[in-house]
Amino acid sequence: MLANGPSRRVGPKGVLIGRHHDCDLVSTDPSVSRRHALIQLTGTGVEIVPLGRAPIEINGKSVERVAPLSDGDLVSVAGVQLTVELRAQAPSGTAPAAFRLERTRGGSFGLTHSPFVIGGGETDDLIVKRWPAGALRLHIAQHELFVEVTAGAARRNDVELAAGALEPLAIGDTLTYRKESFVVRDTGAVHVATTAISTLHDLPTRVVVEMLPRGGRVVFALGEGERAVYLADRQLDLIIALLRPPEEFRGTFVPDEVVRGIVWPRDPAVSRPEINMLISRCRRSLVEAGLSGPRLLVRAPGGGATRLALAPDADVIIDS
């Protein structure tokens with residue numbers, strides 16, 4: 001909200017601040033960029049994304065990179081004063097859980113929020129002694145469950161998972177880390193997807209890309225409503241390359257050579273591992289925005305090509 005003034009709710013698309021008339025909060029201060037900052041929701045709260053040149057301050061401290069916001073923070077954007085009010089309820093053990101983890105040694109734990117962190121840290125959601133802090137991060141996006149291994153090695157049904165990657169977990173899967181094993185169960189509280197996205201209402205029917213400084217905002221229209229994500233630089237270039245590839249690759253997998261030429265036009269030597277890393281980071285950004293990143297950003301069997309899964313005849317708008 002504006003300090004000592006009216007409130008502005010942060011919805012799925014976030015709140016864009018700037019001098020341009022299409023911003024959600026418009027400033028007439030000449031030092032404010034046309035599109036100066038974006039306040040957006042994340043899986044864990046809310047954050048501000050600096051886009052312009054003039055400084056942004058949080059509680060009097062200048063910030064130049066993406067920064068989380070807390071309740072009561074005072075945000076200053078070149079003369080515009082904002083007070084952050086977080087009214088979302090904190091996660092609780094009584095909230096409806098879509099999934100639960102059934103420990104093979106006994107015990108069952110509902111996943112009431114995302115990300116749900118398992119590890120040996122004092123602030124982890126499920127604390128397991130002698131585990132590294134935050135060893136496993138479980139993300140719920142579009143009614144699907146994904147696991148991210150941040151330390152050590154984990155296995156899904158006795159298959160080792162790649163460190164740092166987001167891997168899907170289906171109902172009945174067994175997740176093993178060190179000497180502990182958990183089976184994924186459906187609580188029945190809400191609809192839970194157990195297979196890859198395949199139906200029309202699961203896939204985006206419309207995608208709008210709004211170009212912003214240092215990246216852009218991508219809005220996906222789904223059956224359950226809209227979800228937006230800010231993607232910086234090459235992540236946005238990757239999405240645009242998959243949304244608007246050369247004609248012969250529309251609706252199918254786009255080869256790495258084509259992606260490389262669009263995303264890295266001056267660096268033809270970019271390797272496949274670098275492309276895989278970009279895809280992994282982009283998937284994580286989508287998941288953090290509540291989107292099923294690994295299901296939407298699909299790698300061809302064996303690698304070598306990628307596609308963005310959309311509903312048939314989906315509308316694609318790229319607003320420069």
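A polar contact is a pair of N or O atoms within 3.5 Å; within protein, one must be able to donate a hydrogen and the other to accept it, and residues adjacent in sequence count only if both atoms are side-chain atoms. The views below show a predicted model.

**View 1. Q40 and its polar partners.** Q40 is found in strand β3, residues 37–41. With a relative accessibility of 10%, Q40 counts as buried, because the cut-off for buried is under 20%. The side chains of Q40 and E47 are joined by a polar contact of 2.7 Å. A polar atom of the Q40 side chain also lies 3.3 Å from the backbone nitrogen of Y230. Neighbours within four places in sequence aside, Q40 is in contact with V10, G14, G45, V46, E47, V49, V229 and Y230.

View 2. K13 lies in the segment before β1 (15–18). Its relative accessibility is 40%, so K13 counts as partly exposed. K13 and V229 are 216 residues apart in sequence. In space, their C-alpha atoms are 7.6 Å apart. Beyond its neighbours within four places in sequence, K13 is in contact with L38, R217, V219, E226 and A228.

**View 3. The largest nonpolar core.** In soluble globular proteins, nonpolar side chains tend to be buried together. Here the largest nonpolar core has 34 residues. Those with the most contacts inside this core are V218, F220, V229, L238, L291, L297 and L308. Two or more residues each come from β21 (206–212), β22 (215–222), β23 (225–232), α1 (233–243), α2 (256–263), α3 (272–288) and β25 (297–299). Helix α1 gives the most, with seven residues.

View 4. L291 touches A141, Q142, F220, L222, R227, V229, L286 and L296, residues up to four places away in sequence not counted. Another core, of 22 residues, lies apart from the largest one. Among its residues are I118, L136, L161 and V184.

**View 5. Helix α2 and its cover.** D256, V258, V259, R260 and V263 are buried in α2. The cover over the buried residues of α2 includes α1, α3 and β25. It also includes β24 (254–255) and β26 (305–308).

**View 6. A six-stranded open sheet.** Six strands form this open sheet, in the order β11-β10-β20-β19-β16-β17. The pairing is antiparallel. The edge strands, β11 (108–111) and β17 (159–160), each pair on one side only. Within the sheet, β16 (residues 154–156) and β19 (residues 174–177) pair over three bridges. A154 stands opposite Y177 in β19.

**View 7. Strand β8 and its two partners.** Strand β8 covers residues 74–77. Three bridges join β8 to β5 (residues 56–58), and the two strands run antiparallel. I58 stands opposite V75 in β8. Four bridges join β8 to β9 (residues 80–83), also antiparallel. L74 stands opposite T83 in β9.

**View 8. The whole chain.** The protein chain holds four helices and 27 strands. Of its 320 residues, 47% count as buried. The chain exposes about 16300 Å², and carbon and sulfur atoms supply 49% of that area. Among contacts with a separation of 6 or more, 43% are between residues 24 or more positions apart.

Notes:
Residues are numbered from 1 along each chain as its sequence is written. This is a predicted model: local features need pLDDT of at least 70, side-chain atom pairs count only at pLDDT 80 or more; totals for chains, interfaces and linings use all residues. Side-chain values use heavy atoms; hydrogens and water are left out. A nonpolar core is a set of buried Ala, Val, Leu, Ile, Met, Phe, Trp, Tyr and Cys residues joined through side-chain atoms within 4.5 Å. Buried means under 20% relative accessible area, exposed over 50%, partly exposed in between (1.4 Å probe, protein chains only). Contact means heavy atoms within 4.5 Å. Two strands pair if DSSP finds at least two bridges between them. Accessible areas come from the Shrake-Rupley method with a 1.4 Å probe; for residues, only the protein chains shown count as cover.
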